[in-house]
Amino acid sequence: MDIKNAQLDVDNWIKNHGVRYFNELTNMAQLTEEVGEVARIIARRYGEQSEKESDKNKDLGEELADVMFVVLCLANQTGIDLQDAFDKKLDIKTKRDHDRHQNNQKLK
């Protein structure tokens with residue numbers, strides 16, 4: 001699925017199940033919360049913190065999908081074509097960073 005279709009799917013879900021979009025500030029707070037849940041899993045599973053028993057069954061993929069859902073909501077409600085924005089960003093990063101990363105001794 002491309003980003004454009006994902007935005008449409010989220011918009012359809014909101015219209016059919018969610019009543020309306022939460023306002024932008026509420027969605028920003030939700031995004032922060034969801035990113036925090038991703039950070040918690042990564043810090044404990046892949047970082048140096050020990051993983052609590054209650055966290056061992058947390059699904060990182062599900063939490064990343066929660067982040068994506070809220071990002072898509074924010075894009076929809078602010079009129080952002082996220083597919084276009086992503087394509088432009090990838091082009092910029094490709095042009096700007098190709099040699100930089102190829103020559104980074106820390107990555108070898």
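Biologist: What share of the residues in the chain reaches a pLDDT of 70 or more?

Modeller: Where pLDDT is low, the predicted coordinates should not be read in detail. For this chain the mean pLDDT is 94, and the share of residues that reach 70 or more is 99%.

Biologist: At what angle do the axes of H1 and H4 cross?

Modeller: Axes are lines fitted to C-alpha atoms, for helices over the stretch in contact, and angles run from 0 to 180 degrees between N-to-C directions. The axes of helix H1 (residues 3-18) and H4 come within 7 Å, and they cross at roughly 150 degrees.

Biologist: How is H1 oriented relative to H4, roughly parallel or roughly antiparallel?

Modeller: Angles under 35 degrees count as roughly parallel, over 145 as roughly antiparallel, 65 to 115 as roughly perpendicular and the rest as oblique. Since the crossing is at roughly 150 degrees, H1 is, relative to H4, roughly antiparallel.

Biologist: Is the crossing of H1 and H4 left-handed or right-handed?

Modeller: A crossing is left-handed if the near helix is turned anticlockwise from the far one by less than a right angle, and right-handed if clockwise. For H1 and H4, the crossing is right-handed. The contact (heavy atoms within 4.5 Å) is made by Ile3, Lys4 and Gln7 of H1 and by Leu82, Gln83 and Phe86 of H4.

Biologist: Are H1 and H3 roughly parallel or roughly perpendicular to each other?

Modeller: H1 and H3 pack with their axes 9 Å apart and at an angle of about 85 degrees. Among the residues that make this contact are Val10, Trp13 and Ile14 of H1 and Phe69 and Leu72 of H3. Given that angle of about 85 degrees, the two helices H1 and H3 are therefore roughly perpendicular.

Biologist: In which handedness of crossing does H2 pass H3?

Modeller: The axes of H2 and H3 come within 9 Å and cross at roughly 160 degrees, which makes H2 roughly antiparallel to H3. The residues in contact include Leu31, Val35, Val38 and Ile42 of H2 and Leu64, Val67, Val71 and Leu74 of H3. In passing H3, the crossing of H2 is left-handed.

Biologist: With which side chain does the side chain of Arg44 make a polar contact?

Modeller: Arg44 is found in helix H2 (residues 24-45), and its relative accessible area of 16% makes it buried (under 20% is buried, over 50% exposed, and in between partly exposed, with a 1.4 Å probe and protein chains only). Not counting residues up to four places away in sequence, Arg44 touches Gln49, Ser50, Glu51, Lys52 and Asp55. A polar contact is a pair of N or O atoms within 3.5 Å, where within protein one must be able to donate a hydrogen and the other to accept it, and where residues adjacent in sequence count only if both atoms are side-chain atoms. At 3.2 Å, the side chain of Arg44 makes such a contact with that of Gln49.

Biologist: How far apart in space are Lys56 and Ile41, C-alpha to C-alpha?

Modeller: Lys56 lies in the loop between H2 and H3, and its relative accessibility of 44% counts as partly exposed. Lys56 and Ile41 are 15 residues apart in sequence, and their C-alpha separation in space is 8.5 Å.

Biologist: What is the phi of Val19?

Modeller: Most residues other than glycine have a negative phi, and most peptide bonds are trans. Val19, in the loop between H1 and H2, counts as exposed at 78% relative accessibility. Although Val19 is not a glycine, its phi is positive, at about 70 degrees.

How values were computed
Residues numbered from 1 in each chain as written. Predicted model: local features only at pLDDT ≥ 70, side-chain atom pairs only at ≥ 80, totals over all residues. Heavy atoms only, no water. Helix = DSSP H or I, 4+ residues; strand = E, 2+ residues; numbered from the N terminus. pLDDT = per-residue confidence, 0-100.
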